[in-house]
Amino acid sequence: MEQLNKKWMVTTLAAALLLTAGSGVYAGAKLQEVKAYLNSSVQIKYNGTPVQPRDEKGNAVLPITYNGTTYLPVRAIADVMGVAASYNPQTYTVELGEKAEGVAIAKGFSDMYYTKDPALTTYQGKDYKEAFFDNGSGKRSSSLMLYPKGKYQKLYLQVAAVGEDIDNFYISDSEKDVKLKVDKVAVSEGLKTIVVDISGVNELFVYADVLNNGAMFVPLTTSYYK
C-alpha cells in the first residue's frame with residue numbers, strides 16, 4: 001500500500017468516522033445502512049514502517065471496504081501520524097489537527113495556586129480574571145497539571161516570571177515522562193507565549209524553578225489548547 005501522508009489523510013479520512021461515541025449519539029444523524037467488510041488484507045505503512053492502527057483501549061482496528069473503496073479509522077490513523085482527532089456528537093463534526101477556535105485552559109482547571117483575586121490576576125495593568133500565581137517565598141519549584149486528554153494538537157501557554165528570571169522551565173508528557181518543551185522565562189520578556197505540540201497527550205506537567213522572591217504567573221483565560 002502506498003505510503004500515507006497528511007494531505008491524503010485530511011482529504012480522504014473524514015468519511016471514515018471511527019471515534020468513541022456513547023449510546024444515543026447517533027440519534028438524529030443521517031445514517032444509511034450499508035453492507036461493508038472488515039479488510040484484514042490491507043497493510044498500512046507510515047514513513048515506510050508498518051503500523052497497526054489501534055483504538056483508545058489498545059485494540060487493533062481494521063480498515064473497512066465498501067463498494068470498491070477502503071476506509072480507514074480516523075482516530076487510529078491520526079494517532080499514528082501525530083495529528084489530534086476529536087468528534088463533536090452535537091454537530092456530527094470530526095476535527096483533525098488544530099481546532100478553529102482555542103479552548104482556554106481555565107476550563108476545569110484546579111490548583112492550590114488558582115486565583116480569581118484581582119490583586120493576583122492582574123499583570124502589567126491587565127486583569128486576566130483567572131490565573132495560576134505561585135508567589136511563595138524562597139528558592140523552590142513551582143508546577144501545575146493540565147489535562148488536554150488527547151483532544152488537541154497544540155498548547156499555547158502564556159507565562160511570566162515575576163521578580164526573578166526562571167532559568168529552568170519545561171513542559172512534559174506526564175504519562176510518558178518525556179519533556180516536550182524546555183525553555184527559560186526572563187522578567188524582561190513580559191508575558192511569554194510558549195507553543196507546544198501536544199497531539200495524543202492526555203496529561204501535561206508544567207514545571208519551573210522559581211528563585212528567592214520570584215513568582216510564576218500563568219493567565220488561564222488567554223492560555224489555550226487548539
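In the predicted model, a nonpolar patch on the surface is formed by Leu38, Leu62 and Ile64, which together present about 260 Å² of accessible area. Leucine 62 belongs to the loop that lies between strand 3 (49–51) and strand 4 (64–66), and because its relative accessibility is 35%, leucine 62 counts as partly exposed.

The sheet in this part of the chain is an open one, built of three strands in the order 1-4-5 with antiparallel pairing. Strand 1 and strand 4 run antiparallel and are joined by two bridges, and tyrosine 37 has threonine 65 of strand 4 as its bridge partner.

Considered as a whole, the chain contains three helices and 20 strands. Of its 226 residues, 37% are buried, while the accessible surface comes to about 12900 Å², with carbon and sulfur atoms accounting for 48% of that area. Among the contacts in the chain with a separation of 6 or more, 73% are made by residues 24 or more positions apart.

Strand 19 (residues 215–219) is largely enclosed by the rest of the structure, because five of its five residues are buried. The cover extends to both faces of strand 19, with Ala215, Phe217 and Pro219 buried on one side and Met216 and Val218 buried on the other. Strand 12 (residues 131–134) runs antiparallel to strand 19 and is joined to it by four bridges; within this pairing, phenylalanine 133 has phenylalanine 217 as its bridge partner. Strand 14 (residues 154–162) is likewise antiparallel to strand 19, with three bridges between the two, and here the bridge partner of alanine 161 is methionine 216.

Methionine 216 is also one of the residues in contact with serine 142, a residue placed in strand 13 (residues 140–146). Serine 142 has a relative accessible area of 1% and is therefore buried. Its side chain makes a polar contact, at 2.6 Å, with the side chain of aspartate 134. When neighbours within four places in sequence are left aside, the residues in contact with serine 142 are Phe132, Asp134, Val206, Tyr207, Ala208, Val210 and Met216.

Most residues other than glycine have a negative phi. Asparagine 47, by contrast, has a positive phi, near 55°, although it is a residue other than glycine. Asparagine 47 is found in the loop that connects strand 2 (44–46) with strand 3, and with a relative accessibility of 53% it counts as exposed. A positive phi is likewise found at glutamine 124, another residue other than glycine, where the value is near 50°. Glutamine 124 lies in the loop between strand 10 (122–123) and strand 11 (126–127), and its relative accessible area of 64% places glutamine 124 among the exposed residues.

Conventions
Residues are numbered from 1 along each chain as its sequence is written. This is a predicted model: local features need pLDDT of at least 70, side-chain atom pairs count only at pLDDT 80 or more; totals for chains, interfaces and linings use all residues. Side-chain values use heavy atoms; hydrogens and water are left out. Patches are made of residues with over 30% relative accessible area and no salt bridge: like charges are joined within 9 Å, nonpolar side chains (Val, Leu, Ile, Met, Phe, Trp, Tyr) within 5 Å. Accessible areas come from the Shrake-Rupley method with a 1.4 Å probe; for residues, only the protein chains shown count as cover. A salt bridge is a side-chain nitrogen of Lys or Arg within 4 Å of a carboxyl oxygen of Asp or Glu. Buried means under 20% relative accessible area, exposed over 50%, partly exposed in between (1.4 Å probe, protein chains only). Contact means heavy atoms within 4.5 Å. Two strands pair if DSSP finds at least two bridges between them. A polar contact is a pair of N or O atoms within 3.5 Å; within protein, one must be able to donate a hydrogen and the other to accept it, and residues adjacent in sequence count only if both atoms are side-chain atoms.
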